[in-house]
Amino acid sequence: MHEETQAFIAVELATSSIYHGLIFMYSSGTIQILCVTDVEMVREISLSTSLKLGKPTYLSKDHGPLLGQGIFSSNGTYWAHQRKIIAPEFYLNKVKEMVSLMVESTSKMIELWDEKTRNSEGILEVKVEDDLKSLVMSKVPIGVPGLRHIPSKHNREIWRLDKEIKAMILKIVRARRSPTYEKDLLQLILDASKSYEDSDGDYLPADVSPEMFIVDNCKSIYFAGHDNTGLTASWCLMLLAAYPDWQARARAEVLDVCGSELPNDGMLRRMKVLTIIIHETLRLYPPVAFVVREALQDTSFKGIEIPKGTNIEIPIPILHQQPELWGPDTYQFNPERFAKGIAKACKVPSAYIPFGTGTRTCAGQNFAMTELKVVLSMILSRFTFSLSPGYQYTPVLILVLEPEHGVNLRLLKQYNRARNTTTVPIVLSTYDALVLFFNSEFNTSSKQQ
Ligand code: HEM
């Protein structure tokens, strides 16, 4: 950043009136970041156009193997084009059609838990391979020039995984290069890449091939979708285990709404208690901890000049927990605060941003909310649960906010009262199981596509 501009920002910051939060600069290696927790400025940022603010360049550079230049990290007209193809696939009417697939996948997971309970005389420890890909790649440091090119053991592992993932995606793609496939998301991405090929790469940035367009978008959607939802479900189960009264309320609602049937779209919409529990979980444990932006042109917020190239960061947990905004019980789990809707839960509604904000807001939030309700309602109707004595409360921010040692729960199987059988205790690392579940669900849908 130009020195004069830097000095100008510093003066402006020092004199700006601070309202409900802070605006300050810090640097991480060579990257300078404007950190914003001021709700008024956050609101202005959310109203900004995608031509003014985009995703920081360091995302696709430092997290290249993870994100490439897909929808999550690209900018400008290239991003707008990808958003136009991908976002409609997650509109409510489309998500509605996916409920039965979500129920089917959840049933498989629950059957597995049931099965294992029977086979292990009631006590079960599940340990599965974690998502090696995201864990390894999340260790990439930002802001240290050239480090990502050094052939260290860690970088070689990243490159190997990158190659492997690319080969896997292209194998799926090659298997479906046939016009008989329905127009699902993958097919829309393939069609878009085909039209790029046909038009000699029009609209594509010079360094992006049609093949890269496919691979990067598959990686982006997978990255954006699977861990966040699995983590939210895990945090939610942890909170319900710690607050048995809320667990009982949620279960009573599920049983009232669904009876002995599996949930469908109409039933999910009637689950108000479960919805506020998910909102409160996302307030306290937002898996994505920062909204990040880069000024794509000179701009200004709250009268502060922001030069082109400035990185902006909004720490979500700080906004979600400011006592001034949420009241004195802000650190407590109290889903009731959302009973009258998100707008009434907080003094400044734009401070609640678990799915981000503005034009770059999460494209999959309807999908995520629906999937969470399916999974949680089916677990609630089948099991009662409490925290296992082995559970350690260790939230850590790696790339996302996750429980370092998983969430270990003691599950008691809910039997049909009519059958008059007793409950069976099992101990389960729910986080591991859910991450595995969300991974396998993605695999299932890609196989079906
Ligand atoms: C509880 C689950 C989820 C949470 C908390 C979450 C949160 C977020 C956040 C904070 C962002 C960045 C928004 C911003 O920069 O303003 C984002 C972006 C995105 N999310 Fe999600 N997400 C979740 C689930 C999903 C799912 C299930 C999908 C798709 C299957 C998805 C697809 C995307 C995409 C495509 C983007 C990039 C949007 C763009 O830049 O245009 N997300 N998400």
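This is a predicted model: local features need pLDDT of at least 70, side-chain atom pairs count only at pLDDT 80 or more; totals for chains, interfaces and linings use all residues.
Reader: How many helices and strands does the protein chain have?
Author: Helices (H or I, at least four residues) and strands (E, at least two) are DSSP runs, numbered from the N terminus. One of the helices is α8, residues 153–175, where Ile158 has its place. For the protein chain, the count is 18 helices and twelve strands.

Reader: What percentage of contacts between residues at least 6 apart in sequence join residues at least 24 apart?
Author: Two residues are in contact if their C-beta atoms, placed from the backbone, lie within 7 Å. Among the protein chain's contacts between residues at least 6 apart in sequence, the share that joins residues at least 24 apart is 72%.

Reader: How much of the protein chain is buried, as a percentage?
Author: The protein chain has 449 residues. The part of them that counts as buried is 38%.

Reader: Within what arc do the buried residues of α2 fall?
Author: In helix α2, residues 39–46, the buried residues are Val39, Met41, Val42 and Ile45. The arc is that of the directions from the helix axis to the C-beta atoms. Seen down the axis of α2, these buried residues line one face of the helix, because they fall within an arc of 160°.

Reader: Which helix supplies the largest share of the shell around the ligand?
Author: A residue is near a molecule or strand if its C-beta atom, placed from the backbone, lies within 6 Å of it. Around the ligand there are 25 residues, and Ala224, Gly225, Gly356, Cys362 and Gly364 come nearest. At least two residues of the shell come from each of α5 (76–86), α10 (210–242) and α17 (365–382). The largest share, six residues, is supplied by α10.

Reader: How many of the shell residues are nonpolar, polar and charged?
Author: Ala, Val, Leu, Ile, Met, Phe, Trp, Tyr, Cys and Pro count as nonpolar, Asp, Glu, Lys and Arg as charged, and the others, Gly among them, as polar. By that grouping, the shell around the ligand has 15 nonpolar, eight polar and two charged residues.

Reader: What feature does UniProt place at Cys362?
Author: Cys362 has its place in the loop between α16 (342–345) and α17, and is buried, with 20 other C-beta atoms within 10 Å. Leaving aside neighbours within four places in sequence, Cys362 is in contact with Phe355 and Gly356. UniProt positions are given in the numbering used here, feature names are shortened, and annotations may be inferred rather than shown by experiment. The feature placed at Cys362 by UniProt, in an unreviewed entry, is "binding site".

Reader: How far apart in space are Val291 and Ile314, C-alpha to C-alpha?
Author: Val291 lies in strand β4, residues 290–295, and is buried, with 23 other C-beta atoms within 10 Å. Beyond its neighbours within four places in sequence, Val291 is in contact with Ile314, Ile316, Ile353, Gly356 and Thr357. Val291 and Ile314 are 23 residues apart in sequence, and their separation in space, C-alpha to C-alpha, is 5.0 Å.

Reader: What value is phi of Lys302 near?
Author: Most residues other than glycine have a negative phi, and most peptide bonds are trans. Lys302 has its place in the loop between β5 (299–301) and β6 (304–306). Phi of Lys302 is a positive value in a residue other than glycine, near 50°.

Key
Residues are numbered from 1 along each chain as its sequence is written. A residue is buried if 20 or more other C-beta atoms lie within 10 Å of its own, exposed if 12 or fewer, and partly exposed in between; C-beta atoms are placed from the backbone.
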